[in-house]
Amino acid sequence: MCGIVGYVGAKDCSEVLVSALRKLEYRGYDSAGIAVFENDKIRIAKEKGRLDDLQKRMDAEGVPCGHIGVGHTRWATHGVPSAVNSHPHRGGKNVTLVHNGIIENYKELKETLKDLGRTFVSETDTEVVAQLMDFNYMGDPVQAIARTLSVVEGSFALGILFADRPGELYAVRRESPLIVGVAEGESFIASDVPAIIKYTTQYYLLEHDEIAKLTFDGVSFCDLEGNSIEKELKVADWDQEAAEKGGYEHYMLKEIHEQPTAVKTTITPRISDGVPNLEECSITPERLSDINQIYIVACGTAMHAGMIGKYVIEKLCKVPVIVDIASEFRYRDPLIKEGDLVVIISQSGETADSLAAMRLAKKMGAQTLAIVNAKGSSIAREADMLIYTHAGPEIAVASTKAYMVQISVMYLLAFEMAYSKGLISEEECRRLTSELVGTSDKIEMTIGLVEPACKVFAQELTEAENLLYIGRGLDYALSMEGSLKLKEISYIHSEAYAAGELKHGTISLITEGMPVIAVATQNSLLDKTISNIKEVKARGAKVLIVCDDEAQISDDVADAVIRVPKIEECLMPMLAAVPLQLLAYYASVLRGNDVDKPRNLAKSVTVE
Ligand code: F6R
């Protein structure tokens, strides 16, 4: 995810900006840049790659020298990682800005601006805002910002310099975070506290549609009408490490809380006119409607995301989907035919088995589609088609937000393919897509709703030696992920079972007090699942049911119930995943484990 910084003060601005950006490196980035007022002229330096690459370029070409400026680390969403797509972006002769977030209506705005004679050098949505801001600038920065914000849609935080105002730095935000730091004789803007903590612990939290003006005399705030605002000064009592975790005790918890944003950032750029549009990823409706057989090949959590994909794609698109563990696929002579689609899902894009499976599939004549989080990774580079998930860097070994965005892409694919094949109407496609967009807010709501109950139930799990996750259909696919999450970080043994399969053997494991987590969000299968729950309950199991907030569950069936908001049935895994992640997280915390770095595991598995 992009990072923004800005500085006004007596220190060497370039040095402060680069050092502040280094503290945002944990957010992940693929290019970086700064803009500094040097002798009243704005000088920009930007480069693809790491901050060291930017520093090298500046050392070669001259470091911008001044006391007021903005800086940015970019995690590419619109346009490839490149120097020209890097921020800061200029708009006309007046405006230079950096941006974090996404401008949803940038295509329409770009067309309008082109009609007005504006030309663009980059592929970014950010340059559109810079041009628009410049178009709206008549000498009054607040007015220009207000006019611009009245037409842009999306989430964004902006740091803005106006060429004729060399002593001023402006910032504004909507949804994307931004703070304004203050110290004696200097001030800062930043996406996150770690960027400024070396310089100050005092900061203001900029709220939606508030404008900050930073000058050498101090900072002031106003609304979009120019009315001044008094804000409460906050003091960060974090050390550097805590600051990088955003105040959360572990990266895993932080990443669970980042899921709503990750989903929004991943799906919004792939929706146009209310329906999925994956053409930017070289996936045309024609290509999708021609597919007769799909393989989804991945490892671990990514493979579980593929299981969700299987259920949804088969149901909506009537195309057979085989989900394969990459390490099995590559050695079992898969029966791939020319023209089959092989989908490789990978957070890191470097998993050795997944990469080898993809190479094998290509060799056998399949078309390959990679769904990858890490930009520029091997799987991303070698696939025929590519959909990047925009989860930002995932640091905790246990995958949470990467899984969530992987399944969000499974839905996008399924909806677009079903529509391309004429199996759902345009109206139905719009309805499903809008429900998918709505999951971002609902995930946020779910976290707030279920976290306290998960903490309590996790206590029960910590005493268990073994437990089962059960479910049917999509709930079974999700149970697999719930079980893996618990195993890998709490070290409690668990298995996921198709609820209807228990009586064929596994039910003999049930003993008095053994926890069973039953996922029961699929209304059409609820009665069947309840019957299976009764079977384990009758044998002494302690049952926790995860269901929607309208499901009728009688008291004698469950020992505890965790309810998540009811949404479209096929999308329920996106909400039900949250309590499963939090149960695993709190079980691990309560057992005193190293949550972010579980034993024997590595984040990126680049060996067979
Ligand atoms: C579990 C987890 C792993 C990964 C697996 C594949 O929480 O993260 O199971 O999902 O190692 O990794 P990627 O997605 O990087 O290919």
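Figure 1. The C-alpha centres of domain 1 and domain 3 lie 45 Å apart, where the bounds of each domain come from an automatic or database domain assignment. This is a predicted model, in which local features need pLDDT of at least 70 and side-chain atom pairs count only at pLDDT 80 or more, while totals for chains, interfaces and linings use all residues. Residues are numbered from 1 along each chain as its sequence is written, and side-chain values use heavy atoms, with hydrogens and water left out. The assignment gives domain 1 (3–243), domain 2 (245–424) and domain 3 (448–591). The protein has 18 helices and 27 strands, these being DSSP runs numbered from the N terminus (helices are H or I with at least four residues, strands are E with at least two). Along its principal axes, the C-alpha trace spans about 80 × 55 × 45 Å. Of the 608 residues, 60% count as buried, a word that here means under 20% relative accessible area, whereas exposed means over 50% and partly exposed lies in between (1.4 Å probe, protein chains only). Among the contacts with a separation of 6 or more, 71% are between residues 24 or more positions apart, and contact means heavy atoms within 4.5 Å.

**Figure 2. Close-up of the largest nonpolar core.** A nonpolar core is a set of buried Ala, Val, Leu, Ile, Met, Phe, Trp, Tyr and Cys residues joined through side-chain atoms within 4.5 Å. The largest one has 96 residues, of which Ile294, Tyr411 and Phe415 touch the most other members. Domain 2 (245–424) and domain 3 (448–591) both give residues to this core, so it lies between them. Leaving aside its neighbours within four places in sequence, tyrosine 411 is in contact with Ile308, Val312, Leu436, Cys570, Leu571, Pro573 and Met574. A second, separate core has 28 residues, including Leu17, Val18, Ala20 and Val193.

Figure 3. Leu526, Thr529, Ile530, Asn532, Ile533 and Val536 are buried in H17. Seen down the helix axis, these buried residues fall within an arc of 160°, so they line one face of the helix, the arc being that of the directions from the helix axis to the C-beta atoms. On the other side of H17, Asp527 and Lys528 are exposed. The buried residues of H17 pack against strand E23 (466–471), strand E25 (515–520) and strand E26 (542–548).

**Figure 4. Close-up of isoleucine 470.** Isoleucine 470 is found in strand E23 and is buried, with a relative accessible area of 0%. Apart from neighbours within four places in sequence, its contacts are Ser479, Tyr497, Ala499, Leu502, Val516, Ile517, Ala518, Val519 and Ile533.

Figure 5. Helix H10 (residues 300–317) has 18 residues and reaches 25 Å from its first C-alpha to its last, close to the 26 Å expected at 1.5 Å a residue. The helix is mostly covered, since 13 of the 18 residues of H10 are buried, and just after H10, lysine 318 takes a positive phi of about 55°. Aspartate 324 has its place in strand E19 (residues 321–325) and counts as buried at 7% relative accessibility. The C-alpha atoms of aspartate 324 and glycine 306 are separated by 8.6 Å, although these residues are 18 residues apart along the chain.

Figure 6. Histidine 78 is found in the loop between strand E4 (68–74) and strand E5 (89–91), and at 4% relative accessibility histidine 78 counts as buried. Beyond its neighbours within four places in sequence, histidine 78 is in contact with Ile102, Tyr106, Glu123, Thr124, Asp125 and Pro269. Proline 88 also lies in the loop between E4 and E5, and a cis peptide bond, with omega of about 0°, joins histidine 87 and proline 88.

Technical notes: Expected span 1.5 Å × (residues − 1).
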